[in-house]
Amino acid sequence: MGSFFNKTEYSNNGIGYTSVAVEEDVSLKIFYNWHPGVPGYDLKLPLEITANNGELDFEKLTLVADDERVTIDGTILIIPECVRNTKKELKVTASYAGVKYELIIPLKSWERTFNDEFEGDTLDTDVWKSHRSHMTYDPPADADNYEVIDRAQIAPNCYTVKDGKLNMLITDDVIYDPINKQKYLYSECCLDTRDSFTQKYGCFSARISCAKFGGLNTAFWLLPLGKYSTKYTNFKSDNPKIGLSEIDILETSAAWGNGNRFCITEHYYDYTDNYAHTMEGEYYEVEDKMTDFHTFTCVWFEDSLYYYVDDKLLRATFSLQSDGVNGETMTEAYMIIDVSCYLDNSWVGKRNFTKADLPISAQVDWVRAYK
């Protein structure tokens, strides 16, 4: 019985393993894209199987897992979370025309480290703090001289908690920035765990229903501790002077597509070249609407990142490492959830709401982290 990997490939679909068993004039090749999976969901791994470099005769194929809790639907392995949390690997025996091959699939378990279900009718402000604490609703003495800006700024208490949901709000409450001498015509919600929960590596998930109007951005993201653009979660392996300083797991506007699009973005900075900024990312779609609840997840490893919507793997980033040049090292990260209102016709599209529609909310069912 053969049991080995002979080729490893990296792509947006995960780590691709190609395995081959050969006996006499029969060869069996199995390919699958490995990824860790999301807590709370089954891990589905489709196997691409060929025989003798051609099409497979499925009547000659049998697949048997060494755990009866695993379901095999044709050539798709469905591995429950309970299996992944109790076993380090799964053995699958493939039999074809007298050839037997033992496929070894590594499994990733998760231990929950953070959970907020937003129960009750108040936000736990020991956990969540406003991302900018200096903003005020009270007009400063010199407010008449402030620059007036027709967009929103992060405001305190711009949320409600009801029926097990956090409602992040956009309102027409005027908010003042005494430091920059600015007056914003709208208020928005942005909350983070910077003072309560940080973690290096792991799985970060939030179940969110996004705002239903254009001109608004609903987001879930990770930032490393420290001054923005100067601290990093990872570094590029092929160019370690470039660090990853912002991981946008979700950003979306109802103006995109048919209200079913969102983007995943990574922000990199070259800290040896005046923090020159580059972005890498892509747009993705859900089958229904972004206003329906979906689970958005990022799995952060030392050398890679995996992004999901619900149980579906959308994107994987490889060729990362933990250390940069000049002694720079990766640091812990914290979570941010927010809804923002931008200038009309900005990157999140034209506003299609009126003040009669306010307050507008984006809802969060829960936020969780694992290690």
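This report describes the nonpolar cores of a predicted model and some backbone features in its loops.

**Nonpolar cores**

The largest nonpolar core is made up of 67 residues, and those with the most contacts inside it are L166, F220, F262 and I337. Apart from this core lies another, of 41 residues, which includes A21, L47, V92 and F301. In soluble globular proteins, nonpolar side chains tend to be buried together.

What is I337 in contact with, once its neighbours within four places in sequence are left aside? Its contacts are F118, W128, L166, M168, C189, C190, L191, A219, F220, V364 and V367.

**Backbone features in loops**

Most residues other than glycine have a negative phi, and most peptide bonds are trans. Against that background, F118 has a positive phi, near 55°, and D163, which is not a glycine either, has a positive phi of about 55°.

| Residue | Phi | Loop between | Relative accessibility |
|---|---|---|---|
| D163 | about 55° | strand 14 (159-162) and strand 15 (165-170) | 65% |

D163, by contrast, counts as exposed because its relative accessibility is 65%, over the 50% cut-off. F118 is also one of the residues in contact with I337.

A cis peptide bond, with omega about 0°, joins L358 and P359. P359 lies in the loop between strand 28 (333-341) and strand 29 (360-370).

Definitions and conventions
Residues numbered from 1 in each chain as written. Predicted model: local features only at pLDDT ≥ 70, side-chain atom pairs only at ≥ 80, totals over all residues. Heavy atoms only, no water. Core = buried A, V, L, I, M, F, W, Y, C linked by side-chain atoms within 4.5 Å. Buried < 20%, exposed > 50% of the residue type's maximum accessible area, 1.4 Å probe, protein only. Contact = heavy atoms within 4.5 Å. Helix = DSSP H or I, 4+ residues; strand = E, 2+ residues; numbered from the N terminus.
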